[in-house]
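Subject: The model I mentioned

Hi,

Here is the structure I said I would pass on. Have a look at it first, and then read my notes below.

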Amino acid sequence: MAEEKEAVETQEAEQPTPGLVRAPLRGEVSRRGFLSVLGLGWAVFAGALAAVLGAMGRFMFPNVLFEPPQEFKAGYPEDFAVDAVDERFAASFGVWIVRESTGFYALSTVCTHLGCTPNWLSADEKFKCPCHGSGFIKTGINIEGPAPRPLERYRIVLAEDGQIQIDKNTKYQQEKGQWELDGAYLYYA
Ligand code: FES
(Lines give C-alpha, C1' and ligand atoms only; values in the text may rest on other atoms or scores of the structure.)
Protein backbone atom coordinates (compact mmCIF):
# COMPACT_ATOMS: atom_id res chain seq x y z
CA MET A 1 0.00 0.00 0.00
CA ALA A 2 2.78 2.29 0.95
CA GLU A 3 4.53 1.46 -2.32
CA GLU A 4 1.38 2.30 -4.30
CA LYS A 5 1.09 5.66 -2.55
CA GLU A 6 4.73 6.41 -3.24
CA ALA A 7 4.30 5.58 -6.95
CA VAL A 8 1.27 7.89 -7.21
CA GLU A 9 3.20 10.69 -5.52
CA THR A 10 6.15 10.21 -7.89
CA GLN A 11 3.85 10.23 -10.89
CA GLU A 12 2.16 13.42 -9.68
CA ALA A 13 5.51 15.07 -9.12
CA GLU A 14 6.55 14.33 -12.69
CA GLN A 15 3.36 15.73 -14.22
CA PRO A 16 3.93 19.36 -15.27
CA THR A 17 1.49 21.89 -13.98
CA PRO A 18 -0.93 22.77 -16.80
CA GLY A 19 0.03 26.04 -18.52
CA LEU A 20 3.63 25.91 -17.42
CA VAL A 21 6.53 24.84 -19.60
CA ARG A 22 9.20 22.84 -17.94
CA ALA A 23 12.59 24.49 -18.09
CA PRO A 24 15.21 22.24 -19.67
CA LEU A 25 17.44 20.58 -17.19
CA ARG A 26 21.15 21.06 -17.27
CA GLY A 27 22.65 19.23 -20.27
CA GLU A 28 19.22 19.05 -21.89
CA VAL A 29 18.64 21.10 -25.12
CA SER A 30 15.21 22.63 -25.55
CA ARG A 31 13.37 22.06 -28.85
CA ARG A 32 13.44 25.80 -29.65
CA GLY A 33 17.16 26.04 -28.89
CA PHE A 34 17.84 23.04 -31.06
CA LEU A 35 15.90 24.57 -33.98
CA SER A 36 17.68 27.92 -33.69
CA VAL A 37 21.08 26.21 -33.66
CA LEU A 38 20.01 24.21 -36.70
CA GLY A 39 18.84 27.42 -38.47
CA LEU A 40 22.10 29.18 -37.69
CA GLY A 41 24.02 26.24 -39.11
CA TRP A 42 22.06 26.39 -42.33
CA ALA A 43 22.57 30.16 -42.59
CA VAL A 44 26.33 29.75 -42.21
CA PHE A 45 26.33 26.96 -44.79
CA ALA A 46 24.25 29.04 -47.25
CA GLY A 47 26.57 32.03 -46.77
CA ALA A 48 29.66 29.93 -47.44
CA LEU A 49 28.02 28.37 -50.48
CA ALA A 50 27.11 31.81 -51.87
CA ALA A 51 30.70 33.02 -51.36
CA VAL A 52 32.09 29.97 -53.18
CA LEU A 53 29.61 30.36 -56.06
CA GLY A 54 30.41 34.07 -56.29
CA ALA A 55 34.13 33.35 -56.50
CA MET A 56 33.51 30.71 -59.17
CA GLY A 57 31.35 33.17 -61.12
CA ARG A 58 34.11 35.78 -61.03
CA PHE A 59 36.60 33.17 -62.17
CA MET A 60 34.43 32.05 -65.08
CA PHE A 61 33.29 35.55 -66.07
CA PRO A 62 36.15 37.92 -65.16
CA ASN A 63 35.78 41.66 -65.52
CA VAL A 64 37.32 42.34 -68.90
CA LEU A 65 37.83 45.85 -70.18
CA PHE A 66 37.30 45.93 -73.92
CA GLU A 67 39.42 48.70 -75.36
CA PRO A 68 39.28 49.71 -79.01
CA PRO A 69 42.28 48.51 -81.04
CA GLN A 70 45.27 50.81 -81.08
CA GLU A 71 45.68 50.43 -84.84
CA PHE A 72 42.93 50.97 -87.38
CA LYS A 73 42.30 51.89 -90.99
CA ALA A 74 40.35 55.06 -91.56
CA GLY A 75 39.49 54.75 -95.25
CA TYR A 76 40.95 56.23 -98.44
CA PRO A 77 42.40 59.75 -98.73
CA GLU A 78 39.62 60.71 -101.13
CA ASP A 79 37.13 60.13 -98.31
CA PHE A 80 38.45 63.22 -96.51
CA ALA A 81 37.66 66.83 -97.34
CA VAL A 82 40.60 69.24 -97.64
CA ASP A 83 40.98 71.76 -94.78
CA ALA A 84 38.52 69.86 -92.61
CA VAL A 85 38.63 68.12 -89.24
CA ASP A 86 37.17 64.65 -89.63
CA GLU A 87 35.39 63.62 -86.45
CA ARG A 88 34.24 60.14 -87.52
CA PHE A 89 36.86 58.41 -85.38
CA ALA A 90 36.71 60.67 -82.34
CA ALA A 91 34.18 58.69 -80.30
CA SER A 92 35.32 55.21 -81.28
CA PHE A 93 39.11 55.68 -81.39
CA GLY A 94 39.82 59.03 -79.76
CA VAL A 95 41.34 60.49 -82.94
CA TRP A 96 40.63 63.48 -85.16
CA ILE A 97 42.03 63.22 -88.68
CA VAL A 98 42.83 66.52 -90.30
CA ARG A 99 43.45 66.93 -94.02
CA GLU A 100 45.37 69.89 -95.39
CA SER A 101 46.27 70.66 -99.01
CA THR A 102 49.64 68.93 -98.47
CA GLY A 103 48.62 65.92 -96.38
CA PHE A 104 47.16 64.47 -93.19
CA TYR A 105 47.79 64.31 -89.46
CA ALA A 106 46.00 62.46 -86.66
CA LEU A 107 45.30 64.36 -83.44
CA SER A 108 44.59 62.85 -80.05
CA THR A 109 41.25 63.87 -78.55
CA VAL A 110 42.77 63.96 -75.04
CA CYS A 111 43.16 67.44 -73.59
CA THR A 112 46.72 67.94 -72.34
CA HIS A 113 45.49 69.65 -69.18
CA LEU A 114 43.61 66.92 -67.28
CA GLY A 115 42.44 64.60 -70.02
CA CYS A 116 38.93 65.77 -70.90
CA THR A 117 37.74 65.61 -74.50
CA PRO A 118 37.59 68.99 -76.27
CA ASN A 119 34.96 69.78 -78.90
CA TRP A 120 35.78 70.87 -82.42
CA LEU A 121 34.11 74.25 -83.03
CA SER A 122 34.19 74.63 -86.80
CA ALA A 123 32.84 78.20 -86.70
CA ASP A 124 35.71 79.28 -84.43
CA GLU A 125 38.22 76.95 -86.13
CA LYS A 126 39.43 75.56 -82.81
CA PHE A 127 39.12 72.73 -80.33
CA LYS A 128 37.62 73.90 -77.06
CA CYS A 129 37.81 71.87 -73.86
CA PRO A 130 34.57 71.97 -71.81
CA CYS A 131 36.31 71.23 -68.50
CA HIS A 132 38.55 74.26 -67.87
CA GLY A 133 38.40 76.17 -71.14
CA SER A 134 41.62 75.21 -72.87
CA GLY A 135 41.65 75.98 -76.59
CA PHE A 136 43.72 74.51 -79.43
CA ILE A 137 43.90 75.61 -83.04
CA LYS A 138 43.43 73.11 -85.86
CA THR A 139 47.07 72.03 -85.83
CA GLY A 140 46.70 71.05 -82.16
CA ILE A 141 48.71 73.98 -80.75
CA ASN A 142 47.35 75.24 -77.43
CA ILE A 143 46.33 78.89 -77.46
CA GLU A 144 44.28 79.48 -74.30
CA GLY A 145 43.39 78.05 -70.91
CA PRO A 146 45.47 75.88 -68.58
CA ALA A 147 46.58 73.22 -71.11
CA PRO A 148 50.40 73.29 -70.83
CA ARG A 149 51.18 71.88 -74.27
CA PRO A 150 49.71 71.02 -77.69
CA LEU A 151 47.53 68.01 -78.39
CA GLU A 152 49.50 64.91 -79.25
CA ARG A 153 49.58 63.36 -82.73
CA TYR A 154 49.51 59.69 -83.65
CA ARG A 155 51.42 57.83 -86.33
CA ILE A 156 49.65 58.10 -89.67
CA VAL A 157 50.73 56.24 -92.83
CA LEU A 158 49.31 54.93 -96.06
CA ALA A 159 48.71 51.16 -95.87
CA GLU A 160 49.49 48.82 -98.78
CA ASP A 161 45.85 48.77 -99.80
CA GLY A 162 45.90 52.57 -100.13
CA GLN A 163 43.96 53.31 -96.97
CA ILE A 164 45.01 55.69 -94.23
CA GLN A 165 46.29 53.76 -91.24
CA ILE A 166 46.52 55.16 -87.72
CA ASP A 167 48.75 53.68 -85.02
CA LYS A 168 48.05 55.02 -81.54
CA ASN A 169 50.99 53.12 -80.09
CA THR A 170 53.27 55.82 -81.49
CA LYS A 171 52.71 59.39 -80.29
CA TYR A 172 54.40 62.60 -81.36
CA GLN A 173 54.71 65.64 -79.09
CA GLN A 174 55.26 69.04 -80.68
CA GLU A 175 57.18 70.44 -77.67
CA LYS A 176 59.76 67.69 -78.13
CA GLY A 177 60.17 68.40 -81.82
CA GLN A 178 58.52 65.10 -82.72
CA TRP A 179 56.02 66.52 -85.23
CA GLU A 180 58.92 66.62 -87.68
CA LEU A 181 59.53 62.87 -87.45
CA ASP A 182 58.49 60.33 -90.05
CA GLY A 183 54.98 59.10 -89.37
CA ALA A 184 53.76 62.28 -87.65
CA TYR A 185 52.54 63.66 -90.96
CA LEU A 186 51.33 61.87 -94.09
CA TYR A 187 52.25 63.87 -97.18
CA TYR A 188 49.58 63.48 -99.80
CA ALA A 189 48.89 65.91 -102.60
S1 FES B 1 41.00 69.09 -69.00
FE2 FES B 1 40.89 70.36 -70.72
S3 FES B 1 41.12 72.32 -69.88
FE4 FES B 1 41.24 71.04 -68.17
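Predicted model: local features only at pLDDT ≥ 70, side-chain atom pairs only at ≥ 80, totals over all residues.

**The overall layout**

The protein chain has three helices and 11 strands. Reading from the N terminus, the order is α-α-β-β-α-β-β-β-β-β-β-β-β-β. Of the 189 residues in the chain, 19% are buried. If you take the contacts with a separation of 6 or more, 40% of them are between residues 24 or more positions apart.

**The nonpolar core**

The largest nonpolar core has 21 residues, and the ones that touch the most other members are Val95, Ala106 and Ile156. Four strands each supply at least two residues of this core: strand 3, strand 4 (103-108), strand 9 (153-158) and strand 10 (164-172). As a general point, nonpolar side chains in soluble globular proteins tend to be buried together.

Ala106 is a handy place to start looking. Not counting residues up to four places away in sequence, Ala106 touches Val95, Ile97, Arg153, Tyr154, Ile156 and Ile166.

From there you can go to Ile97, which sits in strand 3 (residues 95-99). Is Ile97 buried or exposed? Ile97 has 25 other C-beta atoms within 10 Å, so it is buried. Leaving aside neighbours within four places in sequence, the contacts of Ile97 are Ala74, Phe80, Asp86, Phe89, Phe104 and Ala106. One of these, Phe80, is 17 residues away along the chain, and the two C-alpha atoms are separated by 8.6 Å.

Strand 10 pairs with two other strands. Strand 9 and strand 10 run antiparallel and are joined by six bridges. Here Arg155 is opposite Asp167 of strand 10. The two strands make a hairpin with five residues between them, and Gly162 in the turn has a positive phi of about 90 degrees.

Strand 1 (residues 71-75) is also antiparallel to strand 10, with four bridges between them. If you want a pair to click on, Gly75 has Ile164 in strand 10 as its bridge partner.

Strand 5 and strand 6 (residues 126-128) run antiparallel and are joined by three bridges. Asn119 has Lys128 in strand 6 as its bridge partner.

Most residues other than glycine have a negative phi. With that in mind, two spots are worth a look.

Asp83 has a positive phi, near 60 degrees, and is not a glycine. Asp83 lies in the loop between strand 1 and strand 2 (84-86). What does Glu100 touch, apart from residues up to four places away in sequence? Glu100 touches Val82 and Asp83. Glu100 itself is in the loop between strand 3 and strand 4. Although Glu100 and Asp83 are 17 residues apart along the chain, their C-alpha atoms are separated by 4.8 Å. Glu100 has 15 C-beta neighbours inside 10 Å, so it counts as partly exposed.

The other one is Glu125, again not a glycine, with a positive phi near 55 degrees. Glu125 is in the loop between strand 5 and strand 6. Because Glu125 has 11 C-beta neighbours inside 10 Å, it counts as exposed. Glu125 is in contact with Ile137 and Lys138, leaving aside its neighbours within four places in sequence. Phe136 is 11 residues from Glu125 along the chain, with 9.0 Å between their C-alpha atoms.

Those are my notes for now.

Cheers

Notes. Residues numbered from 1 in each chain as written. Buried ≥ 20, exposed ≤ 12 C-beta atoms within 10 Å, placed from the backbone. Contact = placed C-beta atoms within 7 Å. Pairing = 2+ DSSP bridges. Core = buried A, V, L, I, M, F, W, Y, C linked by C-beta atoms within 7 Å.
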